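Here's a short tour of a protein chain, written for someone new to reading structures. Have the picture open while you read, and look up each residue as it comes along.

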Amino acid sequence: MKNFDYKKSLGQNFLIDKNIINKIVSSIKSTNKDLIIEIGPGSGALTKELVKKESDLICFEIDKRLKDELLLINSNNLKIIFEDFMKINIKDYIDKNKYNKIYFVGNLPYYITTAIINKICDESDPEEITIMIQKEVADRFTAKPKSKSYSSISVFLQYNFNIIKLCDVSKNSFIPIPKVDSAVIKLKKRKKENLNNINHFYKLIKDSFQFKRKNLRNNLRNYDLEQINKTLFKYGKSFTSRAEELTLEEFIDISNSLN
Ligand code: SAM
């Protein structure tokens, strides 16, 4: 966009790589019974293609300076709302009786990535979230046990979603060119294992990873360590293991054994 004063604080690096745009848009298999919600359409690089689908499309853009540009995209299935996505309530925009599945897509300031995912999960039941994120963050989200990037967010997200990396995205795919490389990942709804208490499970994960260098015995000092040891014995592990060695299934088993 000519003469546009890109705001760093709003993460305004607009996608110009047609290949990546096509990859993102074609990966969303929505139908005319579904709703797509785009967060941060910017100058409409993704919007212009998303609108060609049969689904309804609602976009949330915080920056009203983009109004003229975005309103050029005229289509019956498109609604653009010029609001801060973090301040709206998603429920207010979803007619539950009208839609089968809700697909989220966005390329947003990276510092609010986790807050956005939390908000989407709290306020809706997404079929899929397709987001552009910083490459290192993508590694953390998709990390498996025993890898350096495996952390509480990996376990939390992998409990809720099947996560796939769609593609890596070079800095040169944006204007202006950002400092970091990116990746597009897809979080797909999955059938979850039974948990006796989801809040206890989240707390257990958080506490287990609290000090990465410490083992479970130290991080989970206030828990029933004997029970934890008993559960882990089945997997050839004990409370001297570190959180980064434990699989999602093992965390679920420990959590259920404590409640
Ligand atoms: N989707 C476009 C693209 O791929 O070219 C623009 C992406 S740009 C990285 C991020 C966009 O999100 C910007 O247009 C910015 O103004 C918008 N944005 C930032 N924070 C937002 C928020 N809290 N709510 C809604 N939009 C936001």
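## The chain as a whole

Let's start with a word we'll need a lot: a residue is buried when its relative accessible area is under 20%, exposed when it is over 50%, and partly exposed in between (1.4 Å probe, protein chains only). The areas themselves come from the Shrake-Rupley method with a 1.4 Å probe, and for residues only the protein chains shown count as cover.

Keep in mind that this is a predicted model, where local features need pLDDT of at least 70 and side-chain atom pairs count only at pLDDT 80 or more, while totals for chains, interfaces and linings use all residues. Residues are numbered from 1 along each chain as its sequence is written, and side-chain values use heavy atoms, with hydrogens and water left out.

The chain has 10 helices and nine strands. Both are DSSP runs numbered from the N terminus: helices are H or I with at least four residues, and strands are E with at least two.

## Around the ligand

The ligand is surrounded by 22 residues, and the closest are Gly-11, Leu-15, Gly-40, Glu-61 and Asp-84. To count as near, a residue needs a heavy atom within 4 Å of the molecule. Sorted by class, this shell has 11 nonpolar, six polar and five charged residues. Here Ala, Val, Leu, Ile, Met, Phe, Trp, Tyr, Cys and Pro count as nonpolar, Asp, Glu, Lys and Arg as charged, and the others, Gly among them, as polar.

Now for some polar contacts, meaning pairs of N or O atoms within 3.5 Å (within protein, one must be able to donate a hydrogen and the other to accept it, and residues adjacent in sequence count only if both atoms are side-chain atoms). The side chain of Gln-12 has an N or O atom 2.9 Å from an oxygen of the ligand. Ile-62 brings a polar backbone atom to 3.2 Å from a ligand nitrogen, and for Pro-41 a backbone N or O atom lies 3.5 Å from a ligand nitrogen. On its own the ligand exposes 600 Å², and the protein buries 98% of that.

## Charged pairs

Side chains of opposite charge can pair when their charged atoms come close. Such a pair is called a salt bridge if a side-chain nitrogen of Lys or Arg is within 4 Å of a carboxyl oxygen of Asp or Glu. How many salt bridges does a search of the whole structure find? It turns up 12.

One of them links Lys-52 and Glu-49, with the closest N and O atoms 2.9 Å apart. Lys-52 is exposed at 62% relative accessible area, whereas Glu-49 is partly exposed at 25%. Another joins Glu-123 to Lys-119 at 3.1 Å. These two are about one helical turn apart, because they are four residues apart in helix 4 (residues 113–123), and both are buried. Then there's Lys-165 with Asp-168, at 2.9 Å from N to O. Salt bridges with shared partners tie Asp-139, Lys-165 and Asp-168 into one network.

Most residues other than glycine have a negative phi, and most peptide bonds are trans. Lys-146 isn't a glycine, yet it has a positive phi of about 75°. You'll find Lys-146 in the loop between helix 5 (135–142) and helix 6 (152–160), and it is exposed at 67% relative accessibility.

The other spot to check is the peptide bond from Ile-175 to Pro-176, which is cis, with omega near -15°. Pro-176 belongs to the loop between strand 8 (174–175) and strand 9 (182–189).
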